[in-house]
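Please look over the sequence and the structure before reading on.

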Amino acid sequence: MRLDQSQDAEGPPMLCDLCLAQVCQSLSSLCSMRADGSMSLIWAPVFPQETADQLLNHMAAKEILNDTTVGIFRNCKELRLRRASIQSCPLSAEAFRLALCPHRLLELDASWVSGGLTGADIVSGLASNPECRSSLQRLSLNGLRMDWESLEANGGIHVGFSSLRGLRMLNLANTDLNDAALEDICNLPHLETLDISCSAISKLTALLECKNTLRSLIAHRLRHLDMSPAQLLFVFSQLHALKHLDFSEDHFSVDDSDGRDGDETVRQLLEGSPQVLPSLVSLDISGRKRISEAAIRSFVESRSGLVFLGLLATGVSSCDFFSTQKSLKVTGEADENQVCEALRRYRDRECFIREALVHLYSLTTDTDKPQPDVLKLVVSGMQRHPTSLHIHLVATACVFNLTTQDLAQAMPISLLSSTVTQLLNTMKNFPNHQQVQKNCLLALCSDYILQEVPFDKYLAAMLVINWLSSHEDPTLQRMAVAVISILVAKLSTEEMAQFSKDIFIMKQLLAIVQQKAMVGVVDSTLKFALSALWNLTDEMPVAARNFIECRGLELYEEVLESYYAEPSIQQKVLGLLVGSVYTFK
């Protein structure tokens with residue numbers, strides 16, 4: 001029996017994960033320091049091999065893997081690595097060479113590493129281990145500089161990719177990969193999957209050297225490609241083993257003249273002979289222009305094995321023909337299934353995530369059914385692109401659509417917790433963008449989320465109060481004050497003590513009370529502000545002192561006189577005065 005997805009998401013952490021988390025938290029007490037400043041485990045049993053991989057990956061995910069901590073993996077007998085991920089970790093070439101290169105690795109993901117480690121350092125380091133030369137099957141250097149010149153200038157030897165004879169999968173997207181390096185790569189005897197997206201490649205002719213082994217070619221956004229449509233089609237037609245081809249384009253970064261040869265190549269491929277790439281299983285041409293529905297229909301009908309077609313931002317994904325192709329997955333904008341497929345497949349491509357989110361926003365504006373899977377995809381896109389304003393602007397609006405009213409109550413608590421945490425990160429990353437802040441505030445302004453979902457309430461309160469200081473829109477002001485009033489009541493004693501020390505917060509809330517009192521308004525904003533002040537000063541002498549120094553007593557006397565006929569206002573005012581200020585005095 002299949003478990004309900006929401007129940008599955010709420011399951012307890014695995015014992016292995018809990019143990020690994022404890023090891024990560026206790027590294028300093030479990031380790032001694034070497035002379036070079038790296039850590040070494042004082043004592044360790046022989047770890048199960050998979051557990052060693054999990055420990056490394058856990059440290060990388062927790063952002064504690066660096067030159068110091070990676071030293072524990074120099075012990076190759078107890079900690080035997082096979083599938084290693086150091087993605088986005090700050091590692092130097094020396095630390096990498098000492099800690100990872102001695103292992104008999106099968107896979108290594110070194111995407112977007114920092115700390116000065118280059119692609120050349122990684123390849124030469126791995127090639128220095130005779131076992132790795134034959135054992136390594138999967139290597140990802142996404143986002144790295146190759147920088148062979150610096151390696152040679154420092155006395156290193158230029159060792160090409162072809163020295164890693166066991167490689168089957170190679171990811172060199174977003175690198176400075178050039179034509180000469182591609183020629184070297186294509187000499188690999190077992191190469192099956194190659195990603196050269198967003199690289200400096202100008203010619204694909206070298207691919208003919210691996211035409212009998214290459215099963216998957218990912219060539220998204222090759223801006224430097226200098227080949228005619230006829231030349232490109234010839235190369236594609238000779239790749240006899242190819243099952244997966246991605247020749248998509250970033251439609252946001254090209255004008256009508258850029259990428260024209262690529263678009264023409266796609267047109268000719270779609271309209272051409274079925275004998276070209278007859279065994280294709282997936283084709284991604286998202287972002288390409290001048291594609292006709294008739295050509296798409298002909299291409300699909302002549303390739304019965306096709307299971308995926310990428311058509312986002314092509315204008316043809318709404319073709320009626322797809323309604324009869326039940327086994328074909330399509331990325332596009334025709335319906336929610338196509339949009340969600342795009343969010344799943346294009347996690348690392350900002351241009352396509354941005355496009356998909358725009359369409360998702362339209363599709364979810366009036367939704368009345370909980371869609372936790374969709375929300376998870378939106379949050380994932382935000383997490384993968386933390387600095388993209390375009391993505392966060394639309395994604396935060398999608399989050400509001402997917403969690404508004406009663407929809408949040410049907411979502412897994414853990415998903416809502418990660419969603420709110422991401423909203424707070426977005427507020428921190430884009431403090432001056434009014435619409436992003438407004439979207440986040442709209443999503444946060446939910447009694448259920450504020451009362452039931454675990455997240456950093458102190459951080460949220462600080463972010464909202466800071467936003468409040470520079471915005472006077474009445475509707476948004478009401479929501480912000482409502483959020484603060486609830487959050488303040490949820491703070492721990494320690495957090496409340498810290499929060500109450502900030503006189504700026506007191507001034508902001510009193511300013512709102514004064515603003516309303518001057519015109520004699522009785523509304524929810526005033527009531528929320530008074531509640532927040534009451535909670536803030538309750539048994540908090542520092543807050544009470546700030547209240548007095550900010551002339552809160554005088555203001556509250558005026559409020560008592562002005563609102564003598566409003567019991568709800570009188571209660572909140574007297575509650576603060578009796579419970580806090582007079583006691584303090």
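Helices (H or I, at least four residues) and strands (E, at least two) are DSSP runs, numbered from the N terminus. The model is predicted, so local features need pLDDT of at least 70 and side-chain atom pairs count only at pLDDT 80 or more, while totals for chains, interfaces and linings use all residues. Residues are numbered from 1 along each chain as its sequence is written, and side-chain values use heavy atoms, with hydrogens and water left out.

An automatic or database domain assignment gives the bounds below.

| Domain | Residues |
|---|---|
| domain 1 | 91–253 + 264–346 |
| domain 2 | 347–455 |
| domain 3 | 475–584 |

The centres of domain 1 and domain 3, taken over C-alpha atoms, are separated by 59 Å.

A cavity is a set of points, on a 1 Å grid over the protein atoms alone, where a 1.4 Å probe fits but cannot get out, and lining residues have an atom within 4 Å of a point. One cavity of 30 Å³ or more is present, and the largest cavity holds about 40 Å³ of space, a volume being the space filled by probe spheres set on the points, which are joined across faces, edges and corners. Helix H16 (389–403), helix H17 (413–429) and helix H18 (434–444) each give at least two residues to its lining, with H17 supplying the largest share, four residues. Among the lining residues are Val 399, Leu 416 and Ile 449.

Conventions. 1 Å grid on protein atoms, 1.4 Å probe; cavity = no way out; pocket = protein on both sides within 12 Å on 5 of 7 lines; lining within 4 Å.
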